Amino acid sequence: MQKRKTPMRMCVGCRVMMEKKALKRVVRSSEGAVSLDTLGKAPGRGAYVCSLPCLERAAKTRALERALGHKVDEGVMLGLREAFEADGQP
Ligand SMILES: [Zn+2]
């Protein structure tokens, strides 16, 4: 028998554990491209955020960079913000 456990992840902005489905995943591909993983299935190293303000905070404190193991510059942030707004708040 397998236990049904809700997958939990930590938001890199507010460091609160939440259900994975309530979070947005930012993913870094093997090519080093950072984007919002709207389906939650893209391969690569991921970081989770619960909201746009948390994304901004994680970028400011470099928690996002640490979680992804990759530099997140302003150009990347512009793309992430746009994708976040297009995808809507969870
Ligand atoms: Zn958060």
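Contact here means heavy atoms within 4.5 Å. This is a predicted model, in which local features need pLDDT of at least 70 and side-chain atom pairs count only at pLDDT 80 or more, while totals for chains, interfaces and linings use all residues. Residues are numbered from 1 along each chain as its sequence is written, and side-chain values use heavy atoms, with hydrogens and water left out.

View 1. Helices are DSSP runs (H or I, at least four residues), as are strands (E, at least two), numbered from the N terminus. Glu-65 has a relative accessible area of 16%, so Glu-65 is buried (buried is under 20%, exposed over 50%, partly exposed in between; 1.4 Å probe, protein chains only). Its side chain makes a polar contact of 3.1 Å with the side chain of Arg-62. Such a contact is a pair of N or O atoms within 3.5 Å; within protein, one must be able to donate a hydrogen and the other to accept it, and residues adjacent in sequence count only if both atoms are side-chain atoms. The Glu-65 side chain also reaches the backbone nitrogen of Val-72 at 3.2 Å. Not counting residues up to four places away in sequence, Glu-65 touches His-70, Lys-71 and Val-72.

View 2. Leu-52, Cys-54, Leu-55 and Ala-58 are the buried residues of α1. They lie on the same side of α1, because they cover an arc of only 160° around the axis (taken from the directions from the helix axis to the C-beta atoms). Pro-53 and Lys-60 are exposed on the other side. The buried residues pack against β3 (24-28), β5, α2 and α3.

**View 3. The largest nonpolar core, with 22 residues.** A nonpolar core is a set of buried Ala, Val, Leu, Ile, Met, Phe, Trp, Tyr and Cys residues joined through side-chain atoms within 4.5 Å. Val-26, Leu-55, Leu-64 and Leu-80 touch the most other members. At least two residues each come from β4 (34-37), β5 (45-49), α1 (52-60), α2 (63-68) and α3 (74-87). Helix α1 gives the most, with 4 residues.

View 4. The SG atoms of Cys-11, Cys-14, Cys-50 and Cys-54 lie 2.3 Å from the zinc ion. Donors are N, O and S atoms within 2.8 Å of the metal (3.2 Å for Na, K and Ca). Their spacing along the chain is C-x2-C-x35-C-x3-C. The 4 donor atoms subtend angles of 103 to 116°, so the arrangement is tetrahedral (four donors, all angles between 85 and 135 degrees). Cys-11 is buried at 0% relative accessibility, whereas Cys-14 is partly exposed at 27%.

How values were computed. Tetrahedral: all angles 85-135°; square planar, octahedral: opposite > 155°, others 65-115°.
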